[in-house]
Amino acid sequence: MKAFELNKIKQEHSTLNELYLEFLRESSMSMGLYILPAGGTDPQSPHNEDEVYVVLNGRAQIMVDGEDRPVQKGSIVFVGKHMEHRFHSIEEDLEVLVFFAPAES
C-alpha cells in the first residue's frame, strides 16, 4: 500500500524551486501537487495523458481548449490528452492535486 499525507507533501514541495512535485508514479497513473502563486504564470503545455485537477485551495481561471471557467477550492476539472490548457488570472495561491492517466511521460 502507498499512502500519503497532504501536509507532508506540501512541506516537501516548499523545499523545491519547482511548481510541480510528483509524489506517485505507477504505470497506470501518476499524481502530483501543483502550486502556482497569486499573479503567477502557468507555463504548461498539452500533455500526452488525460489528467484531472482537484483544486485544494486558491482561486483562478482555467482555460481548456479555448473555454474559460473559474476554479476554487473544491473544483474538479478533467482535461483530455493533447488539449491546450492552463491556469490564468490567479487571484489566490493555487494548490492543485494533479492525476495523470497513464503516468505522465
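**Close-up views of a predicted model**

E26 is partly exposed, with 34% relative accessible area. This legend set describes a predicted model.

**View 1. A salt bridge joins K2 and E26.**
The two side chains meet at 2.5 Å, N to O. K2 sits in the segment before α1 (6-14), while E26 belongs to the loop between β1 (20-25) and β2, so their pairing ties together parts 24 residues apart in sequence. K2 has 54% relative accessibility and counts as exposed. E26, at 34%, is partly exposed. Side chains of opposite charge can pair when their charged atoms come close.

**View 2. E22 and R25 form a salt bridge.**
Their closest N and O atoms are 2.9 Å apart. E22 is partly exposed, at 30% relative accessibility. R25 is also partly exposed, at 43%. A search of the whole structure finds six salt bridges.

**View 3. R59 and E92 pair across two strands.**
Their side chains form a salt bridge of 3.2 Å, N to O. R59 lies in strand β3 and E92 in strand β6, so the pair ties together parts that are 33 residues apart in sequence. R59 has a relative accessible area of 36% and is partly exposed. E92 is partly exposed too, at 38%. Salt bridges with shared partners join R59, E91 and E92 into one network.

**View 4. The largest nonpolar core has 16 residues.**
Y53, I62, V71, V77, F87, L94 and V96 touch the most other members. At least two core residues come from each of β2 (30-36), β3 (50-64), β5 (76-79) and β6 (85-101). The largest share, six residues, comes from β6. Apart from this core lies another, of nine residues, including I9, L21, L33 and L97.

**View 5. L94 and its contacts.**
Leaving aside residues up to four places away in sequence, L94 touches Y34, I35, L36, V55, N57, G58, R59, A60 and F87. L94 is among the members of the largest nonpolar core that touch the most others. F87 is another.

**View 6. The largest pocket holds about 160 Å³ of space.**
Its lining consists of L19, Y20, Y34, D42, P43, Q44, H47, E51, Y53, V98, F100 and E104. β3 and β6 are the elements that give two or more residues to this lining. By class, seven lining residues are nonpolar, two are polar and three are charged. Y53 lines the pocket and also belongs to the largest nonpolar core.

Notes. Residues are numbered from 1 along each chain as its sequence is written. This is a predicted model: local features need pLDDT of at least 70, side-chain atom pairs count only at pLDDT 80 or more; totals for chains, interfaces and linings use all residues. Side-chain values use heavy atoms; hydrogens and water are left out. A nonpolar core is a set of buried Ala, Val, Leu, Ile, Met, Phe, Trp, Tyr and Cys residues joined through side-chain atoms within 4.5 Å. Buried means under 20% relative accessible area, exposed over 50%, partly exposed in between (1.4 Å probe, protein chains only). Helices (H or I, at least four residues) and strands (E, at least two) are DSSP runs, numbered from the N terminus. Contact means heavy atoms within 4.5 Å. On a 1 Å grid over the protein atoms alone, a cavity is a set of points where a 1.4 Å probe fits but cannot get out, and a pocket is an open set with protein on both sides within 12 Å along at least five of seven lines; lining residues have an atom within 4 Å of a point. Grid points are joined across faces, edges and corners, and a volume is the space filled by probe spheres set on the points. Ala, Val, Leu, Ile, Met, Phe, Trp, Tyr, Cys and Pro count as nonpolar, Asp, Glu, Lys and Arg as charged, and the others, Gly among them, as polar. A salt bridge is a side-chain nitrogen of Lys or Arg within 4 Å of a carboxyl oxygen of Asp or Glu.
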